[in-house]
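Reader: Could you show me how to read a protein model, one feature at a time?
Author: Gladly; let us open it together.

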Amino acid sequence: MPKVQAILEGILKKDALTASRLLRAVDDQDPKTIEILEKIYPERKPSQVIGLTGPPGVGKSTLIDALVAKEREGGACVGVLAIDPSSPFTGGALLGDRIRMSRHASDPDVFIRSLASRGRMGGLSASLQDSLVVMQAMGYSPIFVETVGTGQDEVEVLRVSHTTLVVLAPGLGDSIQSLKAGIMEIADIYVVNKADKDSARTLQSEIEDLIGMKAYAPEDWQPRVILTSPAYDQGLKELQEAIKAHWTYLNKAGRRRLKEEQIAKQLVIGRMQDKILHLLETKLNHLLEGAWKDEILNPYTMSNKLFERFKQQVVDET
Amino acid sequence: MEKKVRLLIGKVGLDGHDRGVKIVARALRDAGFEVVYTGLHQTPEAIVNMAIQEGVDAIGLSILSGAHLELFERVLCLLKEKGATIPVFGGGIIPPEDIVALKKMGVKETFTPGALTDQIVKWIEDNIVPQSL
Ligand code: B12
Ligand SMILES: Nc1nc2c(ncn2[C@@H]2O[C@H](COP(=O)(O)OP(=O)(O)O)[C@@H](O)[C@H]2O)c(=O)[nH]1
Ligand SMILES: [Mg+2]
């Protein structure tokens, strides 16, 4: 397929039209993309992937907008992947994160792509990791990832990012205690946004207490808590520095390799999961087909029996 | 996975009327499309750049300011310049004689006040195909 070569070249030349079309096919999980992704993967530049998660409305998109501006001052070419939820009923989605990033809209060195979650749980989209590979091959660095932002169970972002930011803000009605435990444990950097509001400092010390309860080895990364307010250009420099400090930390002593091994494993698991689930479903339907002929059998007995047979047929033989 | 129609819906120029476009954007989401909404006051350059980056199947512009002829023309021209073949449609306050001019220019369809969102959805279903590699 000569087209594959053309796409590969387009990506390496950072051609927006080619990238856009490939990202679209990746999002649609077009099987033709596998061959292309396989070729693109070794071409990735070492770019820091920065994941932002946190409840809706805390200011994730606004923060990304501000951080992109800071990166642009330094001349970096920046990527953004922002995920919004798909409706479970209609499959439709309103992708509005980039409204907050308008000022970068005509900057060719900022590539912003909105993704719909398309039924995937955990705050990301099924296509996210593949999309990251494409952006890394194009040389965008750093790349920001904004999760759907339910504030709950969105720990997936940790598995695809080098650096994970949990963004919180005062005035969301309740204290951090009410947040699901998971999300408070994944951050490399905690951001208390909307620092212009009164109770920001209270929230900051609440988080500091929470992470202070954990013991960190001296050689380990100690999570930081940073107050920001993009509208007032407050804390952004400090946040940018903290993000860079985490990158330096990862690059020292081979931690980045370890992290990237985890990220690559996650990519394998993600790809396998979909394939295996599909295989399972087909196989299971097949196994069930003959079994229900005359009467409805006890589903508990049935599932036990089927699992044994299934194990023999699919798992044990390999 | 089934393909989804992706659309860029936005406002160009100094036009603050966003009631209609928000209603349209929501209706399109509810019809099962993926809708990237740009917000107010975008330049034609920004619209085209966003449409390319977002890999959309069509661009829908809302213009109630009276500047539709210039703005649509600029967007179509920039798309051509960049080699992007993304169909453009839109709506707003557009006199009948200008609708003729816009269509001649290459705007695929226009919807004016009173247009039902069901009509808009139907038109997209009939005329916009999701792109592929
Ligand atoms: C409400 C309104 C306002 C509100 C806007 C609030 C808001 N956030 O939207 C306010 C009071 C702020 C306002 C201000 C002004 N307005 Co005003 N406003 C109106 C009014 C009365 C209704 C518009 C509306 O919301 N309609 C309801 C929605 C649902 O309809 P719609 O927007 O037309 O959308 C439908 C279709 O057009 C189409 N559609 C629209 N967009 C899109 C996009 C796509 C992709 C698709 C497929 C379809 C589509 O589908 C929708 C559903 O049917 C109109 C008069 C009128 N009857 O239209 C004047 C009108 C638009 N305004 C007008 C003017 C002049 C102004 C001002 C300049 C007045 C002034 N001198 O200050 C300012 C400018 C503000 C600005 N910054 O741009 C003029 C425009 C004249 C022109 N274009 O030649 C109008 C036509 C009044 C008139 N007869 O003179 N306005
Ligand atoms: N007061 C205040 N408002 C902010 C700040 N940052 C963002 N916002 C506002 O918070 C709202 C939600 O922001 P958004 O970035 O969309 O949040 P997201 O849902 O987490 O992406 C918007 O109205 C922003 O303007 C801030 O530092 N201070
Ligand atoms: Mg957001």
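**Strands, burial and ligands**

Author: Let us start with one pair: Val49(A) has Ile143(A) as its bridge partner in S5(A). Before going on, note that this is a predicted model, where local features need pLDDT of at least 70, side-chain atom pairs count only at pLDDT 80 or more, and totals for chains, interfaces and linings use all residues. Residues are numbered from 1 along each chain as its sequence is written, chains are lettered from A and ligands numbered from 1 in the order in which they are written, and side-chain values use heavy atoms, with hydrogens and water left out.

Reader: Thanks! What does it take for two strands to pair?

Author: In general, strands of a sheet pair through backbone hydrogen bonds, either parallel or antiparallel. Here, two strands pair if DSSP finds at least two bridges between them. The strands themselves are DSSP runs (E, at least two residues), helices are runs of H or I with at least four residues, and both are numbered from the N terminus. In this model, S1(A) and S5(A) run parallel and are joined by 4 bridges. Strand S2 (residues 78–84) of chain A is also parallel to S5(A), with 4 bridges, and there Gly79(A) has Ile143(A) as its bridge partner.

Reader: Which strand pairs with strand S1 of chain A over 4 bridges, besides S5(A)?

Author: Strand S1 (residues 49–53) of chain A pairs with strand S6 (residues 163–168) of chain A, in the parallel sense. One bridge to look for links Ile50(A) with Thr163(A) in S6(A).

Reader: In what order do the strands of the open sheet in chain A lie?

Author: The order is S4-S2-S5-S1-S6-S7-S8, with 7 strands in parallel pairing. Strand S4 (110–116) and strand S8 (224–227) of chain A stand at the edges; each has a single partner strand, so one side of each is left without a neighbour in the sheet. From one strand to the next, the twist averages 20°, with axes taken as lines fitted to C-alpha atoms and angles running from 0 to 180 degrees between N-to-C directions.

Reader: How do I decide whether a residue is buried or exposed?

Author: His162(A), in the loop between strand S5 (143–146) and S6 of chain A, counts as buried because its relative accessibility is 1%. The side chains of His162(A) and Glu260(A) are joined by a polar contact of 2.7 Å. Such a contact is a pair of N or O atoms within 3.5 Å; within protein, one must be able to donate a hydrogen and the other to accept it, and residues adjacent in sequence count only if both atoms are side-chain atoms.

Reader: Which residues come nearest to ligand 1?

Author: A residue is near a molecule if one of its heavy atoms lies within 4 Å of it. Of the 26 residues around ligand 1, the nearest are Gly16(B), His17(B), Asp18(B), Leu64(B) and Ala115(B). A backbone N or O atom of Gly16(B) is 2.6 Å from an oxygen atom of ligand 1, and a polar side-chain atom of His17(B) is 2.8 Å from a nitrogen atom of the ligand.

Reader: How many residues surround ligand 2?

Author: There are 15, and the closest are Gly57(A), Lys60(A), Thr62(A), Arg100(A) and Asp196(A). Helix H4 (residues 60–73) of chain A gives the most to this shell, with 3 residues. Look for the polar side-chain atom of Thr62(A) that lies 2.5 Å from an oxygen atom of ligand 2.

How values were computed: Buried < 20%, exposed > 50% of the residue type's maximum accessible area, 1.4 Å probe, protein only.
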